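Biologist: Please show me how to read a protein model. I would like to start with the whole chain and then go to its strands.

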Amino acid sequence: MPPRTALDQDAVPGPPAEAVAPLMRGIAVLRQLTEAGGTLSPSALERATGLARSTVDRITATLARMGYVRPDGRDIVLTPRVMELGNAYLAALRLPALLDAHADALADELDESVSLAVADLDGVRFIHQATRRRAMSVSFRIGDLLPAERTAPGALFATEWDQVDWTRWQTRLSADPTNVAFPAVPPQPAIQSTDLTASLDSTDSTDSTDFGARVAQARQDGWALDDQLIEPGLVAVSVPVRDPATGRVACVASVVSHTSRHTAADLRTTLLPRLRAAVAAMEADLRQAPPPESGPAPSGLAAWTTASKHELGREFIESLARGLTVPTAFGEGRSALPLTEVARATGLARATARRALITYEHLGLVTTGPDPRTFTLTPRVLDLGFPALSRTTLPRLAAPHLRALTDRLHEPTALAVLAPGTGTEIQYTAGAGASRVLTVDIAVGARLPATGTSLGRVLLADAEGPLPPDLAEIRARGYALADEELESGLRSIAVPVRDRTGRAVAAVNVATHAARRTLQNCVTDLLPALRATADHIQTDLHTASRFTHVPPS
């Protein structure tokens, strides 16, 4: 029997007696939505999870109340707020914050995709992706899980496996020889996993299907190669980034390309030296990094769930909502927490927090920390919505908020950015039309002079340095008006959308006809709802962009 955990829980088949069943069912729904790309109908969720339709409806109603999903017609859609669960893990890990800049710089230098990955049992999970935007590019996302035997990072992580790890890998491979359980990669014919000891002792095998031999080679070389293991044409070279305190592999950095650009030999001779130099810089930063500063822990979550239960009644599953607050107790400077601190940070009763941790430990989302009395999040937390949303864009984030604003005001709304390379034009990137006979109809992608639109003016007012008086006034009041300057009868009001640094990266507006609203009406009637919408978009942007790049268009 395995050793007892920090929760004093014996390993027994099936969920522990103290596990929270509604939390397990809610996690199952989030995982199915993630695997489906972020969107499923309730009936599809019913089939995928095996839950009753009434249970699915209550779970999705609870998740919607938490802001983790939203209804879209007949479908349930993941929303950016669910990424706060994965953000908690990535913040606690610290590696993305310390190493992302090196990975991004290397990708720019080589004009190739660069990734960082961590071990997840006998799999490999991405924690950063710096991809190239070209017709043929790597489609992996932060949070995607790959089988170790089909990756270069997997061979490097496996150099540190013990017999328990190898047994787990063999068991999984026997049960799923074609990797059906890894939706991020195409299935493949079963590989040979027998005679593992002989494979590990062999250092000269070049058979790319022999994982044991590739692990032995990686141990000898200190780097690993992926020569089309995942699919034809995809090649990669990987180098371990070691923890300065333990000397063990903290993560693996990889340069990924395709055979029309680089052969496997090219990777060794051309890219490997520069990858090694980047890894040396990463390890230097890890050695010199100051201790993490503990950010503010969440508070008042338990009270919020209680209030929601009182308001929604039976449709709100309070035990699910309370359980989902537990991962957010972790973060930078809070990577390993005792039970009492988890309870304090979330406002949950100690017994409630304990049962949630028991549930997460059973599901593999939490494990014991360096101190057996503490708990840490595992990479598996990224299964909860992160991959499906990690490649979103600002227009996608804004679209549902624009539609809600249009439905509320019965006026067309739009999102725009300053057109790249000009600084004098705006480009429309998203919009929602109103059902009126006389309405604004400007297509996404259209460009207009920035000075003649409210969208352009509010963006120009965010420029650094001294501003003309009219733009300085716009900056001071926080919104811009345009009165029949672009076209006779057209009035609009716009406010900025700011990124995590406070820079205006886009603007959102409401347009109307002069016969419907005066300028004063635009300020009194439209501006409050417009500002609230911009705040909603900013909240989603700040959550989604904490560890991912969110393109503005």
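This is a predicted model: local features need pLDDT of at least 70, side-chain atom pairs count only at pLDDT 80 or more; totals for chains, interfaces and linings use all residues.

Biologist: How many helices and strands does the secondary structure of the chain come to?

Modeller: Helices (H or I, at least four residues) and strands (E, at least two) are DSSP runs, numbered from the N terminus. Here there are 19 helices and 18 strands.

Biologist: What is the radius of gyration of the chain, and what does the globule rule give?

Modeller: The radius is taken over C-alpha atoms, and the rule is 2.2 Å times the number of residues to the power 0.38. The chain has a radius of gyration of 26 Å, close to the 24 Å from the rule for 553 residues, so it is as compact as a globular protein of that length. Along the principal axes, its C-alpha atoms fill a box of roughly 85 × 60 × 45 Å.

Biologist: How many of the residues count as buried?

Modeller: Buried means under 20% relative accessible area (1.4 Å probe, protein chains only). Of the 553 residues, 51% count as buried.

Biologist: Which residues of strand β9 does that cover?

Modeller: Strand β9 spans residues 249-258, and nine of its 10 residues are buried.

Biologist: Which strands pair with β9?

Modeller: Two strands pair if DSSP finds at least two bridges between them. Strand β4 (residues 113-120) pairs with β9 in the antiparallel sense over five bridges, with Val 114 opposite Val 255. Strand β8 (residues 234-242) is also antiparallel to β9, over nine bridges, and Val 235 stands opposite Ser 257. β8 and β9 form a hairpin with six residues between them, and Gly 247 in the turn has a positive phi of about 80°.

Biologist: How do side chains lie along a strand in general?

Modeller: In a regular strand they alternate between the two faces of the sheet.

Biologist: In what order do the strands of the open sheet with β12 lie?

Modeller: The order is β10-β12-β11, with antiparallel pairing. β10 (337-338) and β11 (366-368) are at the edges, each with a single partner strand, so one side of each has no neighbour in the sheet. Two bridges join β10 to β12 (residues 374-377), and Leu 337 has Phe 375 in β12 as its bridge partner.

Terms used. Residues are numbered from 1 along each chain as its sequence is written. Side-chain values use heavy atoms; hydrogens and water are left out. Buried means under 20% relative accessible area, exposed over 50%, partly exposed in between (1.4 Å probe, protein chains only).
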